[in-house]
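Here are a few notes to read with the structure open beside you. Take the points one at a time and find each spot as you go.

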There are 2 protein chains.
Amino acid sequence: MKALYFDGKKLTLHTDYPKPKPGEVLVKVTMSGICGTDLEILKGYMSYCGVLGHEFVGIVEDSHKKELVGKRIVGEINAGCKKCQSCLSGLGRHCQNRTVLGIYKRDGAFAEYVSLPEGNIHVMPDSVSDKQAVFVEPLAAAFEITEQLHIEPNWKIAILGDGRLAQLVARVLRLSCHDVTCFGHHERKTGLLQKIGIKTKIAIENSDEHSFDVVVEATGRESGFLDTIRLVKPRGTVVLKSTIASQNKIDLSPAVVNEITLVGSRCGPFRPAINALATGLVSVDELIDAVYPLDSYAQAFEHAGKPGALKILLQS
Amino acid sequence: MKALYFDGKKLTLHTDYPKPKPGEVLVKVTMSGICGTDLEILKGYMSYCGVLGHEFVGIVEDSHKKELVGKRIVGEINAGCKKCQSCLSGLGRHCQNRTVLGIYKRDGAFAEYVSLPEGNIHVMPDSVSDKQAVFVEPLAAAFEITEQLHIEPNWKIAILGDGRLAQLVARVLRLSCHDVTCFGHHERKTGLLQKIGIKTKIAIENSDEHSFDVVVEATGRESGFLDTIRLVKPRGTVVLKSTIASQNKIDLSPAVVNEITLVGSRCGPFRPAINALATGLVSVDELIDAVYPLDSYAQAFEHAGKPGALKILLQS
């Protein structure tokens, strides 16, 4: 089968890559999405070698659970051991022995076929298009914030960034809180946010300092962390959505003095993400910049890497 | 009056330092305690110049509130503006315009007299000795953890450190949770912890990794942060009690991947600390290493700075 393989140095489209072995749910991939994490992996993140891709929608071709066959599905990306304390307590996505689709020890979805354990599969309602369904995984990561924090409706929330992740986080948090401000530079992206009632600002002003109850770091840049500490109120909460491997020194003492709570936040629950797309509470169509066939992966990745780009999809 | 003044370079005992001006509660200091923060200030922390000392007990000599005169009291160290949002919401200790006793823009208690606003004063019950009363302020900082976190009784808690702060944190957390382990090197200090039912370990073993629900950093060393991330469970909580100004790079990405919550924690509520001393729930007598007269400040500070030292008191 066709599969987009990363050998640690180079991304190549294999045409005779082995189809996933039986034992899990076998899915014929319809469409997949390029995520910031994919671009990071190409730079060395996670030292991953294998087929890339973890945002996808497809049709089940084979499964022990026969009622799944033929169904249009999306899949959670963490596959736990099902034996450890984390798995037994329902937190399989934190299993120390997990594999992660297209990220860690498990071939991903930029391919004709992909496989996942039965427990990872979610059937998609008809009201969600294929293009929208690709957003379930990153949208679930945005909903993770609301699973971790009790967001009070009268809070003032800041989001640092206006890119793919920030756009989804803003769409989710505006459901719980009306006062959401995004700090971003790109006119087109901030324009999309303004259309759905999000305030946007290019730079932090003095009056913004220490004025937000919650600040979400979604820039992926190191400077983002310093800005969160500048914006958040004493006793407030900073949500770290991007994995910042800092090369500079990070001084945590302001976080201690101001008693800030820093919350690391990663993958999230699929169910609320699927519901939000199915009911139209969250719109994502305007975030799609282009759809490329898998064969044109080189152009697709180039497009996804451009500063102004939002979501780039691949058709398998 | 006598006062121990730090000019940014040197600590000197002034004998003719001006007595605090009227307008606040005037307190004749009986006894005070040397804290790790005092030692940090001597190294440049907070760029503070003034009279040092923020842990004290004394007798009220003058006050607008006449019923306070003659009373034995302790005092909260943060003095807010009483006008800003933080002050009005009862969080005066986070007022951006606050002064802090012996730490920031307010002369401290290593002196014959000290003054504080009326709202900062707490009358001590007779059952608490002067020596014990000096511990109210640092013990309140330990109780701050229980104000910030809901500690579940069946949790497994680790404390990094066995020094002054770690000793008090351990004494407080064992009231909510029976499974508390301190990681520390000093035999005498870990011995004190064992006597009150705290488990102690010298080094982190493989089986300790990612096994604690809560990890409290109370070493004041930079390496402490890395150890917290090693010990805490996925989705667990790290409490940062010491202000770590890191010179090394801190990589926060493991905190994101494991969805750790980091909670900065500083000064705390005096009332539970006073109650715990008055009822004997927390014992501190064994933590006192020596009492020096204020005149012998040089020896006292030298003693407090020794690796094995616990609490050193000053008699005014």
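This is a predicted model: local features need pLDDT of at least 70, side-chain atom pairs count only at pLDDT 80 or more; totals for chains, interfaces and linings use all residues.

1. Arg93(A) touches Asn78(A), Arg98(A), Glu144(A), Glu147(A), Arg266(A), Cys267(A), Gly268(A), Pro269(A) and, from chain B, Arg235(B), leaving out residues up to four places away in sequence.

2. Where does Arg93(A) sit in chain A? Look in the loop between helix H2 (85-88) and strand S8 (99-100). Is Arg93(A) buried or exposed? Its relative accessible area is 14%, and buried means under 20%, so Arg93(A) counts as buried.

3. The side chains of Arg93(A) and Glu147(A) are joined by a polar contact of 3.2 Å.

4. Now hop over to helix H10 of chain A, residues 297-305. Its buried residues are Tyr297(A), Ala300(A), Phe301(A) and Ala304(A). Look down the axis of H10(A) and you'll see these buried residues fall within an arc of 95°, so they line one face of the helix. As background, an α-helix has 3.6 residues a turn, so residues three or four places apart point the same way.

5. Last stop, chain B: helix H4 (residues 136-148) packs against helix H9 (residues 270-278) at an angle of about 115°, and their axes are 8 Å apart. H4(B) and H9(B) are therefore roughly perpendicular, and the crossing is right-handed. On the H4(B) side, the contact residues include Leu139(B), Ala140(B) and Phe143(B); among those from H9(B) are Phe270(B), Ile274(B) and Leu277(B).

Terms used:
Residues are numbered from 1 along each chain as its sequence is written. Chains are lettered from A and ligands numbered from 1 in the order in which they are written. Side-chain values use heavy atoms; hydrogens and water are left out. Buried means under 20% relative accessible area, exposed over 50%, partly exposed in between (1.4 Å probe, protein chains only). Helices (H or I, at least four residues) and strands (E, at least two) are DSSP runs, numbered from the N terminus. The arc is that of the directions from the helix axis to the C-beta atoms. A polar contact is a pair of N or O atoms within 3.5 Å; within protein, one must be able to donate a hydrogen and the other to accept it, and residues adjacent in sequence count only if both atoms are side-chain atoms. Contact means heavy atoms within 4.5 Å. Axes are lines fitted to C-alpha atoms, for helices over the stretch in contact, and angles run from 0 to 180 degrees between N-to-C directions. Angles under 35 degrees count as roughly parallel, over 145 as roughly antiparallel, 65 to 115 as roughly perpendicular and the rest as oblique. A crossing is left-handed if the near helix is turned anticlockwise from the far one by less than a right angle, and right-handed if clockwise.
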